[in-house]
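Load the model and keep the selection panel open.

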Amino acid sequence: MPSLANPTRFLDLAGRLIPWLAALTATLFAVGLYLSFFVAPPDYQQGETVRIMFVHVPAAWLAMFGYALIAVASLGTLIWRHPLADVAAKAAAPIGATFTLIALVTGSLWGKPMWGTYWVWDARLTSMLVLFLLYLGLIALWQAIEEPGRAGRAAAILGLVGAINIPIIKFSVDWWNTLHQPASIVRLGGPTIDSSMLTALAVMAGAFTLLFVLLHLMAMRAEILRRRVLAMQQMQVEQAALAET
Amino acid sequence: MPDLGPHANFILAAYGFTFAAVVALAFFIVADDRKQRQRLADLEAKGVRRRSAGAAREGKPARGRKS
């Protein structure tokens, strides 16, 4: 792990991992989609709309995972000043925002035929919307401050403050009376859904997780290169100023 | 493709939106990666080198920026 603190070594490792991860992600998605559409049976209550769960649930999990990753990376920025910590946090924000948007939109598309409405202001849906807004706030903060170090520290504080929303999302269905159903997979006593659907969901969750890791590695690589370009442009300016004197 | 019943439009819209969002995100990240590589190559072609790259050539530890 300490060797990963070196961005050059990280770039080498990412370059080797990305093609394998891309192939594995595509394979897992192919299997997952086959299971989701051709193997998993319709639910006795939800009917065919249960198939929306195979994209909605993994997207929602990874939306929260992305923010948890940002919170841990924020600690790395503020406490340990790890050189890759705020690179990891910055790279995770647009990916997390996209997964949150997918969870919100697919949830609405499931809600209309099942609940009769696209949206209700219940605790789970509202806390997920707050998560999306937190992601947008982080992205805006990084865009607003030009110097990466200062932007990273400011975003780390917002990242840590916003982390309080993660347990609120998870336990909102237990703490408040919500239209959103309670936990049916990650719960004491085990999952409540049938294994014929659980398999498809597990494979899709694996595919989405690999996709997140793949995109995160690629985004981190782009961010490291951006900082190198910035450092080299500063050197170019310094060299030009020295040549003039 | 199995018969998706009366709510087929909602199911297909959910998968379609997910696909479009993932493709757009991947495109954005890959385009950004390529843009940074191109900018880096342009600067190197002009003879600009990072401090750490210079230090590495001279066998000294890098100072200042770590990336």
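Select chain A: of its 245 residues, 40% count as buried, a residue being buried if 20 or more other C-beta atoms lie within 10 Å of its own, exposed if 12 or fewer and partly exposed in between, with C-beta atoms placed from the backbone. This is a predicted model, in which local features need pLDDT of at least 70, side-chain atom pairs count only at pLDDT 80 or more, and totals for chains, interfaces and linings use all residues. Residues are numbered from 1 along each chain as its sequence is written, while chains are lettered from A and ligands numbered from 1 in the order in which they are written.

Switch to a cartoon. Chain A has seven helices and zero strands; helices (H or I, at least four residues) and strands (E, at least two) are DSSP runs numbered from the N terminus. The C-alpha trace of chain A spans about 80 × 40 × 30 Å along its principal axes. Among contacts in chain A between residues at least 6 apart in sequence, 77% join residues at least 24 apart, a contact being two residues whose C-beta atoms, placed from the backbone, lie within 7 Å.

Next, select residues 123-144 of chain A, which form helix H4. Its 22 residues reach 31 Å from first C-alpha to last, close to the 32 Å expected at 1.5 Å a residue; the expected span is 1.5 Å times one less than the number of residues. Show side chains for the buried residues of H4(A), including Arg124(A), Met128(A), Tyr135(A) and Trp142(A). The buried residues of this helix pack against H2 (53-80), H3 (85-115), H5 (148-162) and H6 (165-175) of chain A.

Now display both chains. Which side gives 37 residues to the contact, and which 31? Chain A gives 37 and chain B gives 31. On the side of chain A, the elements with two or more residues are H1 (7-39), H3 and H7 (195-244). H7(A) gives the most, with 16 residues.

Last, select Ala59(A), Ala88(A), Ala89(A) and Leu215(A), which touch the most other members of the 71-residue largest nonpolar core. Such a core is a set of buried Ala, Val, Leu, Ile, Met, Phe, Trp, Tyr and Cys residues joined through C-beta atoms within 7 Å. Elements giving it two or more residues are H2, H3, H4, H5 and H7 of chain A together with H1 (8-45) of chain B. H7(A) supplies the largest share, 21 residues. Centre on Leu215(A): leaving aside neighbours within four places in sequence, Leu215(A) is in contact with Ile95(A), Leu25(B), Ala26(B) and Ile29(B).
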